[in-house]
Amino acid sequence: SNPFEVKVNRQKFDILGRKTKNDVGLPGVSRSKAIKKRTQTLLKEYKEREKANVFKDKRFGEYDTNISPEEKMMRRFTLERQQNYGKKNIYNLNEEEELTHYGQSLAEIEKLNDIVDSDSDTEERGTLSAELTAAHFGGGGGLLRKKVSSAQQDEEEEKPKSRKELIEEMIAKSKQEKQERQSRRESALELTEKLDNDWKEIQTLMARKPPKSERKDKEVEKPKPDEYDIIVRELGFEMKAKPSERMKTEEELAKEEQARLQKLEADRLRRMRGIDEQANKKKPSHISADDLADGFILDKDDRHLLSYKDGKINIENEEEEEEKDEEEEEEEDGKEDENEEESDEESANEDEEEVAADSHSDLESDLESEEEAAGNKEHKKHNTNENEAQNVKKLDPKMEAAKSELPYTFAVPESYETFKSLLAGRTIEQQLLILERIQKCNHPSLAVGNKEKLEKLFGFILEYIGDLATLDLPELTTIDRLVMPLCNLCQMFPEAASDRMRFILRDAAHDMEEVVEVKGRAAFPGLDTLIYLKIISLLFPTSDFWHPVVTPAFIYMSQLLTKCRVTTLQDVIKGLFICCLFLEYVSLSKRFVPELVSFLLGVLHISLPKKQAQGYTVVHPFTPVGKNLELLLVCDKKDLDSWQKQNLPLSIVTKLKEISGTEINHIRLSCLALCFDLIKKCAVLYESLPSFHEIMHPVRILLTQHLPANDYPEKMQEWYQGALKELENKDKCYTPLICEKKKPVPLKQYTPRIVKVLEFGRIQGSSKKEQERKQLIRKHKRELKGAIREIRKDNQFLARTQLAEVMERDAARKRKVKELLGSLATQEGEWKAMKRKKRE
């Protein structure tokens with residue numbers, strides 16, 4: 001391109017974010033820039049396409065053309081210093097570089113502090129004398145080539161010294177030098193000590209301090225330490241914290257507990273079988289008379305202290321110890337064979353003969369010795385029988401006590417019958433101890449299958465609780481104590497526990513639905529199901545929005561309060577128990593339960609005499625008219641006067657048939673008092689609801705207009721007034737919930753459709769979204785065309801590059817071929833000329 005045709009529009013100011021359009025439309029400039037850019041990027045990649053490794057120059061500012069070489073060097077030097085500085089010098093303030101010379105700091109060299117090594121033999125360490133070097137490293141020839149004076153040269157030539165004499169001279173010389181150095185060192189030390197003493201005397205004069213003798217006369221009061229100094233000294237003498245032992249993991253604790261229980265069980269079995277601890281000791285081996293006792297080892301110290309009592313030697317302790325030793329020996333002798341007894345008799349005869357020889361009684365005959373041996377044998381057998389009888393008497397109470405003890409290790413029962421037989425006839429403390437030992441001996445970390453076994457144990461305990469609840473006299477105290485092992489197992493296996501509880505709830509709900517389909521109404525469940533609902537509130541969180549166990553239990557309790565008919569006093573007690581469970585479930589979440597309020601309203605309704613309900617409506621399972629009314633109505637004044645507030649245990653449900661009429665009236669009044677208490681709790685719980693007054697309005701009407709409160713005892717009136725006060729004292733600060741009013745649907749009108757035109761003359765009759773969509777489509781097409789155009793130009797650039805490479809290779813080949821043909825032609829001409837000459 002002609003440089004005179006190129007016009008460059010330079011931008012006066014660089015504005016951030018503005019697209020520059022200076023180069024567009026200029027002939028040659030944009031094309032040359034594009035080719036230059038492709039040469040730097042695309043051509044470089046094309047040339048390096050077959051290379052496995054690429055060298056990248058990562059030096060600072062290497063490819064930045066805007067930085068001068070001097071500035072590059074300065075910045076590179078700065079970066080290098082920053083990298084070498086690092087974090088290790090973060091606290092070294094005002095510290096300059098340390099200059100060194102051959103690895104030694106110049107600052108230390110300038111101090112000239114040469115430390116004298118007292119242990120070294122030479123002052124110049126690391127240096128060797130010329131004589132020593134010649135002697136040891138010169139092959140010994142240097143010793144014979146010593147320089148001597150001219151006067152002695154003839155004598156030495158006549159009498160040359162041997163190598164031994166030369167070495168002795170060298171050793172003597174080194175010792176003399178060492179002694180001189182030692183004497184110089186000692187004299188230097190004496191001079192320094194003298195100088196130090198003189199300096200101490202002069203120092204007292206320079207500091208203007210009196211000598212020690214004068215200081216003692218002048219008593220100077222020392223300043224008392226401050227409180228701060230006292231506290232600092234106390235802190236210095238305090239005990240420093242010592243590292244404690246690390247916390248053991250759950251697996252380690254389980255292993256230790258299992259080992260402890262196994263050891264206790266082994267001790268119990270040993271006591272039960274009557275095996276004494278001393279039986280495990282080593283038996284005394286038989287020692288013959290010819291034994292020299294070469295391998296004698298003193299097992300224990302049999303010596304006794306000499307003591308006197310009443311002027312006589314005290315031999316009681318010795319006799320007792322001897323009796324114990326004899327008992328042990330007799331027990332061991334009873335277990336030995338006949339051969340051992342014979343060997344004992346022979347050894348006894350030999351001992352007697354030795355004793356006789358020592359006492360100079362060799363004149364005794366063999367008959368007498370045999371008679372004495374027989375007598376000793378019979379006496380010994382008699383003593384062994386007596387001792388065995390005494391040992392049996394001593395061990396019997398220990399064996400009985402060990403048998404009566406609980407085993408320390410238990411295996412997880414495989415079936416419910418085995419589990420029930422394991423706990424049968426045991427006290428509640430023993431049952432809890434058995435369950436605890438089962439869990440400890442079969443911890444999941446100790447073996448592979450223990451987890452599945454303990455999951456079965458959770459189901460067995462639940463089934464056992466159900467059996468205890470269905471007895472004629474339910475054992476509620478035992479059930480209460482069994483909740484703790486249930487809670488422990490639930491924490492270990494929450495998924496298995498939730499599955500088991502869901503299975504129980506599913507069966508109970510299915511049974512109730514079957515009864516409702518057949519009869520149209522259902523009865524309240526048994527005591528076991530109510531206890532299961534109570535256990536659910538103890539094992540699982542009841543405040544969650546949704547829970548796999550609590551939510552089904554919540555729905556099941558709601559169905560119980562709506563589908564089960566209230567026909568007897570037992571049903572009223574069970575329903576009130578479910579109401580208490582509801583309040584316990586929603587105490588934190590404050591979830592509204594309409595079935596709870598409806599049931600409490602029905603309980604108040606059945607405590608009124610038969611008349612038409614006015615101002616309130618009773619919902620299922622209660623009816624305004626029927627034979628099941630007046631269940632809680634008490635007309636006897638004597639029973640009203642003698643009533644006292646009492647708690648209603650669940651076990652009373654099974655005893656109502658055996659209770660007299662007065663006690664039944666007292667139970668009715670207690671149910672009514674409990675209803676008042678539940679109404680009071682509901683008022684406190686639901687006071688923040690917007691429709692609180694509308695919800696509790698029927699209950700308020702029934703309490704104020706229909707309930708004969710004046711006929712009740714004083715205690716009952718207190719409960720009544722407390723419930724009524726909670727209902728009436730709440731301010732109505734919320735508007736009731738109403739349905740949202742919808743705007744009326746307007747009639748269709750024949751009005752022209754007005755469309756807003758955003759782009760004039762191009763695209764009309766579309767909305768803003770449609771126009772934005774079309775604009776995006778146009779931009780995408782434009783970008784796509786630009787990308788295709790750039791790819792095409794890149795391909796053309798690569799094609800031109802490849803063609804230039806091919807043409808260059810072809811030109812080089814043609815040039816080489818031409819050179820070869822030319823050289824061949826010259827050779828042929830020369831050959832022909834030579835041939836022609838030969839012919840001539």
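This is a short walk through the structure above, from the whole chain down to single residues.

The model is predicted: local features need pLDDT of at least 70, side-chain atom pairs count only at pLDDT 80 or more, and totals for chains, interfaces and linings use all residues. Residues are numbered from 1 along each chain as its sequence is written, and side-chain values use heavy atoms, with hydrogens and water left out.

Start with the whole protein. It has 27 helices and four strands. Both are DSSP runs, numbered from the N terminus: helices are H or I with at least four residues, strands are E with at least two. Of the 840 residues, 25% count as buried. Buried means under 20% relative accessible area, exposed means over 50%, and partly exposed lies in between, with a 1.4 Å probe and protein chains only. The protein exposes about 65600 Å², by the Shrake-Rupley method with a 1.4 Å probe. Carbon and sulfur atoms supply 52% of that area. Now take contacts, meaning heavy atoms within 4.5 Å. Among those between residues at least 6 apart in sequence, 70% join residues at least 24 apart.

Next, look at a pair of helices. H19 covers residues 527–539 and H21 covers residues 569–585. Their axes come within 10 Å and cross at roughly 10°. Axes are lines fitted to C-alpha atoms, for helices over the stretch in contact, and angles run from 0 to 180 degrees between N-to-C directions. The crossing angle therefore makes H19 roughly parallel to H21, a label for angles under 35 degrees. On the H19 side, the residues that meet H21 are Leu530, Leu533, Lys534, Ile536 and Ser537. H21 brings Lys574, Phe577, Ile578, Leu581, Glu584 and Tyr585.

Move to alanine 497, in helix H18 (residues 494–519). Alanine 497 counts as buried because its relative accessibility is 1%. Leaving aside neighbours within four places in sequence, alanine 497 is in contact with Phe458, Cys490 and Phe540. Leucine 462 is 35 residues away from alanine 497 along the chain, and their C-alpha atoms are separated by 10.0 Å.

Two loops hold backbone details. Most residues other than glycine have a negative phi, and most peptide bonds are trans. Lysine 590, in the loop between H21 and H22, has a positive phi near 55°. At 48% relative accessibility, lysine 590 counts as partly exposed. Proline 621 is in the loop between helix H22 (594–605) and helix H23 (637–641). A cis peptide bond joins histidine 620 to proline 621, with omega about 15°.

Key
Parallel < 35°, antiparallel > 145°, perpendicular 65-115°, else oblique.
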